[in-house]
Amino acid sequence: VRHYFLTGQYVLEIKNKTNKGRTKKKRIDIDPDYFERVTEDERNVPFLKEKVWVDYTTLLPQVANDFKRISLVDNNFKERITIDFDIKFQNRQTGVESEMPNLMIIELKQDGSYYSYLRELLREFRIKPMGISKYCIGTVLTNDKVKRNRFNNKFRRLTNKILNN
């Protein structure tokens, strides 16, 4: 679930990966009163039944994240950049909180193959692209029971980049 602070919109979003590695998102608006309890609102049930491949009644809130975002769009609307920073996590099940104040996540989205000055600048500073999920980072940082081996390389890269800059 997401709350967009500027617009006041609350949404339930389902993300699924395709067999080609692309992420497909589907979302619906939700009642803010059910933000932490989306499975209890009957209006969400058809969407959950259609989009979720597990028993939706077993779903529980896990990790909340909070961050600041800067969004930039070029004049031709061919490129959009978001920069997330001041990232904080709270695990709704364990109660553990964590933050990564020195981390910035830059996401570059393009319409087709379009020259990007930012991509060149990042290459110049030896900042390589890396697939990353704030949800996964937050889960690993706030829940000791989660298997983390598959995230060790990413955490090592993040830590090295933060410490060496």
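**Notes on selected residues**

1. Thr142 is buried, its relative accessible area being 2%, in what is a predicted model. This residue belongs to helix H3, which spans residues 134–142. The side chain of Thr142 makes a polar contact of 3.1 Å with the side chain of Asn91.

2. Two backbone angles deserve attention, because most residues other than glycine have a negative phi. Phe77, although not a glycine, has a positive phi of about 60 degrees, and this residue sits in the loop between E4 and strand E5 (79–91). With a relative accessibility of 67%, Phe77 counts as exposed, since the cut-off for that class is over 50%.

3. The other case is Asp86, likewise a residue other than glycine, whose phi is positive and near 55 degrees. Asp86 is placed in strand E5, and at 22% relative accessibility Asp86 counts as partly exposed, because buried would require a value under 20%.

4. On the surface, Trp53, Val54 and Leu59 form a nonpolar patch, and together these residues have about 340 Å² of accessible area. One of them, Val54, lies in the loop that runs between helix H1 (45–51) and strand E4 (63–73). Val54 is partly exposed, with a relative accessible area of 44%.

Definitions and conventions. Residues are numbered from 1 along each chain as its sequence is written. This is a predicted model: local features need pLDDT of at least 70, side-chain atom pairs count only at pLDDT 80 or more; totals for chains, interfaces and linings use all residues. Side-chain values use heavy atoms; hydrogens and water are left out. Patches are made of residues with over 30% relative accessible area and no salt bridge: like charges are joined within 9 Å, nonpolar side chains (Val, Leu, Ile, Met, Phe, Trp, Tyr) within 5 Å. Accessible areas come from the Shrake-Rupley method with a 1.4 Å probe; for residues, only the protein chains shown count as cover. A salt bridge is a side-chain nitrogen of Lys or Arg within 4 Å of a carboxyl oxygen of Asp or Glu. Helices (H or I, at least four residues) and strands (E, at least two) are DSSP runs, numbered from the N terminus. Buried means under 20% relative accessible area, exposed over 50%, partly exposed in between (1.4 Å probe, protein chains only). A polar contact is a pair of N or O atoms within 3.5 Å; within protein, one must be able to donate a hydrogen and the other to accept it, and residues adjacent in sequence count only if both atoms are side-chain atoms.
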